[in-house]
Number of protein chains: 2
Amino acid sequence: MALFSYSNFKPIEDLLELMGEIKDLRSASSLLDWDQETYMPRGATGNHSEINATIDKQIHSILTGDKADKIHDQFLNTRYEVTIFERRLFGLFMEERRRALKVPVSLVAELARQKTTAVESWRIARLKNDFSLFRNDLNKIIALKINEAECLGAKENTYDALLDIYEPGMTESELTAIFNSLKEKIIPMLGKVRTSGLRVDTSFLFELYPREGQIKFIRLLADMLSFDFKRGRIDSSSHPFTTALSANDVRLTYRTNENDIRMSVYCALHELGHGLYEQGIAPDLYRTFAGEAVSYGIHESQAMFWEKIIGKSPEFAQWCFIQLKSYFPGRLKGISPVEFYFALNKVEPTLIRTEADELTYMMHILLRFEMEDDLINKRYTADSIPSVWNEKMEKYLGIVPANDSEGCLQDIHWALGAFGYFPSYALGALYSAMLATEIKKQMPDWNRNITEGYFTPIIQWLKENIHTYGKTENPNQISLRLFNKKITTDDFLKYIKAKLNAIYSVS
Amino acid sequence: MALFSYSNFKPIEDLLELMGEIKDLRSASSLLDWDQETYMPRGATGNHSEINATIDKQIHSILTGDKADKIHDQFLNTRYEVTIFERRLFGLFMEERRRALKVPVSLVAELARQKTTAVESWRIARLKNDFSLFRNDLNKIIALKINEAECLGAKENTYDALLDIYEPGMTESELTAIFNSLKEKIIPMLGKVRTSGLRVDTSFLFELYPREGQIKFIRLLADMLSFDFKRGRIDSSSHPFTTALSANDVRLTYRTNENDIRMSVYCALHELGHGLYEQGIAPDLYRTFAGEAVSYGIHESQAMFWEKIIGKSPEFAQWCFIQLKSYFPGRLKGISPVEFYFALNKVEPTLIRTEADELTYMMHILLRFEMEDDLINKRYTADSIPSVWNEKMEKYLGIVPANDSEGCLQDIHWALGAFGYFPSYALGALYSAMLATEIKKQMPDWNRNITEGYFTPIIQWLKENIHTYGKTENPNQISLRLFNKKITTDDFLKYIKAKLNAIYSVS
C-alpha cells in the first residue's frame, strides 16, 4: 500500500497543481539564494533582491487568488471521504493561505527587498567591525517583522507568530520553560567544569591542515554518509548553509580554516545532516507542501545529530582520528585517540556560537532568544543590541566580546529577518538527544558501527523513521510517534552530564 | 537631457511595474537555464523543467491578466502626450501581450516542459550517436512549435511567425532572397578556392595547448575587451552560451580543446561579444522590455564582430600570435604571423557549423534555414532529418557526415525549440560586415589599434552606438540609423571577397 494515498476526490488535482506552482516558485527562490552565496557577481545583489521580491509577490497572489478560494470552498463544503494524507495537504495549504491573507502583498515584497539590502550592509558592517553600518537596516527589518507578526496575530505574545513559522505550535512561554530548565542545570555544570582543574589540550587541532586535504576529507565524509551527488552538490561559501530546490537538488556549502580542522569537519557534518534529510524525503511528496521538513527544529535535529551526537562521540572521534592522520601526514603526532576526543569536547565559554561546545551552545541560543523576544515586543530597538548582547554574554558565559564582529554581528539570521529561527537550534539539540536515546535502544551495534565508520544503519533508520515522511506530521506528532513523549530537556541533560562526567569527572 | 525620458502620464507606472515583474521572472528562468548547463546536479533536470514551466505560466498570466488589460486600455484611450520612449515601451508591451493572448497557457507550459526533456534526449542521442533516441522528442517539439506558430498567425508563411520572435519583421521570403544572393556568390567562390592550388597549413593549431594556459588566455581576452567581472562571470560548459539576468549579471561560458587552440579563443571572443552587448545596455532600461538586445540578429552581429571580423583579421592575428607564444612556450615555433593568419582563415568545407570558416559558415545556416522552413510547413517530419541533412551537406558543401553526431545532432537549438533562431547567425554575419565598413570609415586608426591590442575605441563605439540603446529600436531602425540602409549582403560579400583575394589570390 502506498504510504501517501489519494481518494477519487477531484478537487485534489487543483490543490496539487496550485501547490506545485508555489513549490516551483520557491525552488526558483532557493536557487537565487544559493547563487547569491556562491557564484553571483557582486554587482547583481540588487537585482537578485528584486527578483526574489517578485517571486514572493507571485506566491502571495496565487495563495490569495480565486483558484485558492475555490479549492478552500470545495474542501470545506464536501462530505467526500478524503484520505488522511489529503487532509494533511489541505491543512498545510489552509495554513499557508491563512498567513498570506493576513499579510499584505506590499509587506511581503518590502520584506524580500529589505532582506537582501540588510544582508549586504551586515556583510560590510561585520567586515569593518562597525555595527552602526548595519543598525538602520536592521531597525527596518525589525519594524517589518513586527508588522508581519502583528498581521499574523498571536494569542499571548507577538513573538509567537514568528516562532510558529519555524516551529509550528511553539510559543514564547513554552520556550521560556525549556530554557529555564536548561539554564538551571547548565550554569552549575559550567561552574563545575571550570573548577575541575582539568586542562584539555586542543593545540593540535590548530596546526596547519592544508585546504586540499580538508576538501578531500569532506568528500570522504559525504560518501560515508551516502550523500547522493547525482541529486546534490557541495560548494564552499563564507557562510555554510543547505538549500534544497527539491529532494533531487540538494546543495550544501562548507567553509575551511587551514588552522582549525574542526571548522570544515563539523560544518560538513552539520550540513550533511540537513542534506540527508532533504534527499530522504519521499518522491511522492515532490511539489507538495508536505515535501519538506517537519519544522526547522526537526531539521536542526538532523544536523545536530551528525555534528554533535555522532561527530563528538568517542566512537566517531576514534574513526576520524585514524582518517585525519592519513589525510594529513605529520599531523596528530604523539596524540592518542582519547586526547583527540577530549579536545573535540573541550568545554569553555567562547564568543562564537558555531564554534561553541555542546554545553555553552545552549547559552548562546538563550541569549538570542531573549533578545528576539525583547526586540519583537519593542522593549528596545536595534540601537541597544551591542550593549545588551555584551551584558548577556557576561551574565551567561562570563566573557565579553572585544568587538561587535565577534559579538552581535556574528550571525546572518537577523539580517535575513529570520526572527524566530534561533530557538530551532536548541530544539534541534534536544530532539537529537532524544533520537540518540531511541537509536541506542534499538541498535545494539551502534558503538561498534560508528567506530568502524559504518554509518549506513543509522542513516537508514533516520530515513525510514523521519526523512521519508516529509511534513506529513507536525513536530508534536513526530515526537509522540518516535519517543512516546513531547519535547523534553531530560535526554539532553542526561547525555551532556554523562559526557562531562566522562571527560571532566564532574557529576 | 536623459536619453530615455518620461512624461507625467500616470499609467506608465503600472506598465513599469508589470514589465519589471515579467523581467524578474525571466531572469529567474535565465538563472535556471544557466544553472542547468553549469552546476545543476544531473538528477534535477526534471525539476528544473517544472520550475521553468511554472515561471512561463506565471508570465503568461501576468501578460493576459486584468492589470495588463487596464494598461492597454489606458494607453490606447489617452490623448496625453507621452514621450517617444514611453510609446516604445508600450509598443513592446503590446507585442508581448498580443503573443500571449494568442498562445494558450497550456501550450506555453507544455513547450517549457518538452524543451527540457528534448534537450536531455538530444544529449544522449548525440553521445550515443543515435538519432532515433531523439526523434520522438523532436517530433513533439516540432508539433508544439507548429501549433505555436499557427496560434501566432502569419500572413504568408507559418514559419514567419517564429522568425518574428527572433528578428522582428523578418520573413521567410526576405531570407530566401538574402540566401539566394549569398548562395549565388559563395558557391563559385568556394570553387575558386578549391582550384587555387594553395594548401594552407593549420597543423600548428592542433598541437598540445594545455588547458590551464587556455583558461588564463581567455581571462586576458576578457580583460582586454573590458568585460566587467563585478557584473558578470565566465565558466566552462560543454555548450558555450551567454545568459544575462540583467546588465549587472551577465554570464558567459566557453569550452576548451587541448588539441585545438581555436576552440577556446573563438568561443570566448564570440561569447564576449554577446556579453559586452548585455553589459552595455543603459541602466535606465533595467527591468523594462527595452532592457535587452534589439534582436537575435543584432545580438549575433556583436558576437560575430569579435569572433570573425576582429578575431580573424590580420591585425588581431598578429597580436594574438605574440600572446599565444608567451602563454604557450614552445608552441608556434618557426611559424610566421602571416602563416598563423592564413591558418585561422583556411577555407574548407567542414561538418561542424561552429568550426566553419566565414565563407562556408553561410552554407551551414542556409541548410538549417531551408530545413526549418520545411519542417514548420510540414513538408516532412523529424524522421527525414538525417537523410535530408546529408543530402544538403552533399549539395552545398560536397561532403557527407559519417554519422549523425557530426551531422544533424550537432546543434542544441532544435531541442530547445528555437526554430527561427539559426537565420540570426547569417543576419549577424551580414550586420557585422556592415559594422566593419562603418567603423573603418569613422576610425582611421583601426588597424594599428588592433595590432597593438588596444580594443577600447571600438568597444566604446559599439557601446555608444548600439549597446546602450537596448531594444528602443527595431532592427530596421538601427540599420537605417547606423548605415543609412536596410540589411544587405553587399558588405559581407565585398569583405569576404577581399579576404579570399588576399589569402587565395582569387577574385
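Colleague: How many residue pairs are in polar contact between domain 1 of chain A and domain 2 of chain A?

Modeller: A polar contact is a pair of N or O atoms within 3.5 Å; within protein, one must be able to donate a hydrogen and the other to accept it, and residues adjacent in sequence count only if both atoms are side-chain atoms. Here there are 17 such residue pairs, both at pLDDT 80 or more. This is a predicted model, where local features need pLDDT of at least 70, side-chain atom pairs count only at pLDDT 80 or more, and totals for chains, interfaces and linings use all residues. Side-chain values use heavy atoms, with hydrogens and water left out, and residues are numbered from 1 along each chain as its sequence is written.

Colleague: Which element gives the largest share of the domain 1 side?

Modeller: Helices (H or I, at least four residues) are DSSP runs, numbered from the N terminus. In this case α1(A) supplies the largest share, 14 residues.

Colleague: And where are the domain bounds in chain A?

Modeller: Bounds come from an automatic or database domain assignment. It gives domain 1 (10-153) and domain 2 (172-504), and their centres, taken over C-alpha atoms, are separated by 27 Å.

Colleague: How many salt bridges are there between the two domains?

Modeller: A salt bridge is a side-chain nitrogen of Lys or Arg within 4 Å of a carboxyl oxygen of Asp or Glu. The count between these domains is three. The side chains of A:Asp24 and A:Arg287 also meet in a salt bridge, at 2.6 Å, N to O.

Conventions
Chains are lettered from A and ligands numbered from 1 in the order in which they are written. Helices (H or I, at least four residues) and strands (E, at least two) are DSSP runs, numbered from the N terminus.
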